[in-house]
Amino acid sequence: MKTKYSRPMWGGSLQSMQDAFTPEDLSTDEIMIQKTTEKFVTNTILANMEQAETHDYTFAKDAFQEAGSLGLQAVEIPEAYGGFGLGKHVAGLVAEGIGNGGGSFSVAFNIHAGVGTTPFIYYGTEEQKATYLPKLGSGEWVGAYALTEPSAGSDALKGKARATWNDQDGVWQLTGEKQWITNAHIADVYVVFANSDEGMTAFIVERTQDGVTLGPEEKKMGINGSSTATLLLEDVVVNPDRVLGEIGQGHKIALNTLNLARLKLAFNNIGASKRALKLSVNYGLERKQFQQSLVNFPLIQEKLANMNTALFGVESFAYGTAGSVENALASSEGMNSSSIVRAFIPDCAMCKTYASEVLGEISDEAVQIHGGYGFMQEYEVERLYRDARINRIFEGTNEINRMASAKALLKQDVHVNENPISDTDVNGQWIAATERIMSEVLEGLSLTDEVSEKQEVLRMVADSFATVAVMRSSYTRTVKHPTELKEWMTRVICEEGYENVESNMTRLWLALDQPEEANRVKRQSRTPERSDLTKVKRKISERVIEAKNYIS
């Protein structure tokens, strides 16, 4: 059996771009799933937002069961266990739909369908899968994930929770405290990580077991309707058949599960961003100042264009990454799935990082467009703004994700791109120039002690990688499904993206005390003529205002 999966960081001809997945490639059946999700959010969550935003456990459990009856939680679960066995892009599609208006419930749903379920899919025994997956997929049971501890947040693998083997009874005994557990009070089963003599191990713990207790609900800045509490374990007995994966290998389950969860969280953030943009443009049409609608003012138009363009870029990145992951998993027969998932650490980590920061910016601009009303709780953007903040913290802080992405990139065998993107058009030329700079820097760097200690340098590497990925995925989407609007947004993404990467790579060499290399970045920059992006953004905003919504 093969154990290692490798892939090029980027590259490919226009012909190979036809294999890349974009939102326009959704099938008729997948669009039906999208509409089912939208209807569920509108009729069940938005129509009952007051209940959804409080700790109404009955409402939450009923909502999970309804989502389960619609098949929304069983997308990735294999058919043999009551699911549909569909790909990452469909799971992302549902996560996006739940995020688009789902509020606190979207967080609960994302944890359940993500880290609360996928460990069983990838690491469970046949008996464990048969026992838990049908219940999790139907919504009969709710899942949760218990990794974080009071003394182990970002350094999650240094937890103090202990798993002790009781040789006399032939069982494990768990003792410890798990903090900030999403779905804590509504979950029926927890994936719990504890340190044993052999190393970190994952255990399946049910809510009704002796020794399992829960702390009070945390008082949070946002996502107030999601259950968040401490999980307390006191000599909880776990039979050997409830060990998930191998003893001492729980760190692999934790890290690989989080990697996939980050991609799903990106989709959730995209949905919330679309909601904020829709609320903003509609408020801007209704609100009048100085005898005209807010959307008539150029600075408001610029905001709307930037919001829509950023969404187009991150949406292209997320769907492209989901398609690449599922293609790799499907085509690498006989290969360890963990190896495949690890190969996409940079993509998944930066999808989450990029999407959460886009959501932060868009929700902030949504409040700004609403003015004083955006600060009032009676307007939805106030809650969206508060809810958005957590996304840069959980599933790994954005700082941790940047470090993980950069270190993974620098461990790869990176060469100057031998098969660059087509540079027969302006957008392609911007990408070719950007990839050339980025590739040459990565080829000259290695993960030395000097580099690994300079976290600012690693941040520049990660941010530049994400920028290139957004540029390429947006361009690919435009080539496959060309429209005037896509061309405009890709122009903005590519031209501004080049400027960001060039600046990052110049500063990177200066931070490493290599001014000659910094000057070489400038000297070797071969770029097309710059555009009047102000005019381009005005045209984008016209389309957004006409659509009264996100538009691609």
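The model is predicted: local features need pLDDT of at least 70, side-chain atom pairs count only at pLDDT 80 or more, and totals for chains, interfaces and linings use all residues. Residues are numbered from 1 along each chain as its sequence is written, and side-chain values use heavy atoms, with hydrogens and water left out.

The protein chain has 20 helices and 10 strands. Helices (H or I, at least four residues) and strands (E, at least two) are DSSP runs, numbered from the N terminus. The C-alpha trace spans about 75 × 55 × 40 Å along its principal axes. A compact globule of 552 residues would have a radius of gyration near 24 Å, and the protein chain agrees, with 24 Å. This radius is taken over C-alpha atoms, and the globule rule is 2.2 Å times the number of residues to the power 0.38. Of the 552 residues, 57% count as buried. Buried means under 20% relative accessible area, exposed over 50%, and partly exposed in between (1.4 Å probe, protein chains only). Contact means heavy atoms within 4.5 Å. Among contacts between residues at least 6 apart in sequence, 78% join residues at least 24 apart.

Helix H2 covers residues 28-45. Its 18 residues should span 26 Å at 1.5 Å a residue, and its end C-alpha atoms agree, at 25 Å apart. The expected span is 1.5 Å times one less than the number of residues. Glu30, Thr37, Phe40, Val41, Thr44 and Ile45 are the buried residues of H2. Seen down the helix axis, they fall within an arc of 105 degrees, so they line one face of H2. The arc is that of the directions from the helix axis to the C-beta atoms. Thr28, Met32, Lys35, Glu38 and Lys39 are exposed on the other side. Cover for the buried residues includes helices H3 (49-52), H4 (57-69), H5 (88-99) and H6 (103-113).

Glu217 sits in the loop between strand E6 (212-214) and strand E7 (228-238). Glu217 counts as buried because its relative accessibility is 18%. Beyond its neighbours within four places in sequence, Glu217 is in contact with His55, Tyr57, His185, Ser226, Ser227, Thr228 and Ala229. His185 is 32 residues from Glu217 in sequence, with 8.2 Å between their C-alpha atoms. The side chain of Glu217 makes a polar contact with the side chain of Ser227 (2.7 Å). The Glu217 side chain also reaches the backbone nitrogen of Thr228 at 2.8 Å. A polar contact is a pair of N or O atoms within 3.5 Å; within protein, one must be able to donate a hydrogen and the other to accept it, and residues adjacent in sequence count only if both atoms are side-chain atoms.
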